[in-house]
Amino acid sequence: MSLGRARVVVGAGGGLLGGSPGVVRALLADVAGALGGEVGATRALVDAGWFGPERLVGVSGVTIGPVLYLGFGVAGTVFHEIGHPAHVIGVNTDPGAPLLVRATLPLCTDATALLTELAPRLRGRTWADIRSPDVDRSRPGGTVPERLRTLTGVPAGPVRPVPPLSAEQAATALLAYLEECCG
């Protein structure tokens with residue numbers, strides 16, 4: 001499948017540059033593989049040589065239109081055009097990053113640490129069988145937004161503070177989101 005036609009895109013941004021290129025690329029590939037998606041990159045990672053220009057997402061790169069976009073360490077400037085996905089998961093240490101403001105699930109945490117926590121939880125699983133043991137389905141009135149607020153502390157609404165989370169908390173919230181909204 002090509003990046004431009006992928007229904008799931010795992011975006012890699014400048015927030016990952018502090019990690020080891022080989023390790024981070026492998027983690028991204030593991031996550032994308034489990035979700036049946038493709039890895040895309042921002043200009044920062046392409047310019048740093050982590051990815052080739054065929055992986056550049058945005059105005060001067062590949063036009064994408066996924067259903068699900070996960071941006072790890074992606075600021076989400078206007079040049080990083082991701083179309084209009086139904087689900088956007090943004091991961092950044094800056095709670096004011098444009099992608100976190102736009103995200104349906106904003107996660108304020110270290111992107112590399114989250115990938116390190118998330119990849120093993122997804123290993124050997126596929127999109128169809130992603131399940132989080134941390135979601136209590138028996139709770140009466142437990143809507144998706146209520147469950148996610150419980151897991152992340154992020155209130156619903158267009159303007160919301162994004163509290164910092166540990167990588168473990170963020171991975172749990174991300175898996176719960178995938179199960180509830182995308183599974």
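This is a predicted model: local features need pLDDT of at least 70, side-chain atom pairs count only at pLDDT 80 or more; totals for chains, interfaces and linings use all residues.
**Overall architecture**

The chain contains 6 helices and 5 strands. Along the sequence, these elements follow the pattern β-α-β-α-β-β-α-β-α-α-α. Of the 183 residues in the chain, 48% are buried. Among contacts with a separation of 6 or more, 58% are between residues 24 or more positions apart.

**Packing of H1 against H4**

Helix H1, residues 21–34, packs against helix H4, residues 111–122, at an angle of about 45°, and their axes are 9 Å apart. H1 and H4 are therefore oblique to each other. Their crossing is left-handed. On the H1 side, the contact is made by Val24, Leu27, Leu28, Asp30, Val31 and Ala34, while H4 contributes Thr112, Leu115, Thr116, Leu118, Ala119 and Leu122.

In soluble globular proteins, nonpolar side chains tend to be buried together. In this model, the largest nonpolar core has 39 residues, and those with the most contacts inside it are Leu16, Leu28, Phe72, Ile89 and Leu107. Helix H6, residues 167–182, supplies the largest share of this core, 7 residues. Another core, of 11 residues, lies apart from it and includes Tyr69, Ile82, Val88 and Leu99. Leu28 also belongs to the H1 side of the contact with H4.

**Two individual residues**

The following table sets out the accessibility of two residues.

| Residue | Relative accessibility | Class |
|---|---|---|
| Threonine 42 | 11% | buried |
| Valine 101 | 52% | exposed |

Threonine 42 is located in the loop between strand S2 (38–41) and helix H2 (43–47). Since buried means under 20% relative accessible area, threonine 42 is buried at 11%. Leaving aside residues up to four places away in sequence, threonine 42 touches Ala12, Gly13, Gly14, Leu56, Val74 and His80.

Valine 101 lies in helix H3, residues 98–102. The cut-off for an exposed residue is over 50%, so valine 101, at 52% relative accessibility, counts as exposed. Valine 101 and alanine 75 are 26 residues apart in sequence, and their C-alpha atoms are 10.0 Å apart in space.

Definitions and conventions:
Residues are numbered from 1 along each chain as its sequence is written. Side-chain values use heavy atoms; hydrogens and water are left out. Axes are lines fitted to C-alpha atoms, for helices over the stretch in contact, and angles run from 0 to 180 degrees between N-to-C directions. Helices (H or I, at least four residues) and strands (E, at least two) are DSSP runs, numbered from the N terminus. Angles under 35 degrees count as roughly parallel, over 145 as roughly antiparallel, 65 to 115 as roughly perpendicular and the rest as oblique. A crossing is left-handed if the near helix is turned anticlockwise from the far one by less than a right angle, and right-handed if clockwise. Contact means heavy atoms within 4.5 Å. A nonpolar core is a set of buried Ala, Val, Leu, Ile, Met, Phe, Trp, Tyr and Cys residues joined through side-chain atoms within 4.5 Å. Buried means under 20% relative accessible area, exposed over 50%, partly exposed in between (1.4 Å probe, protein chains only).
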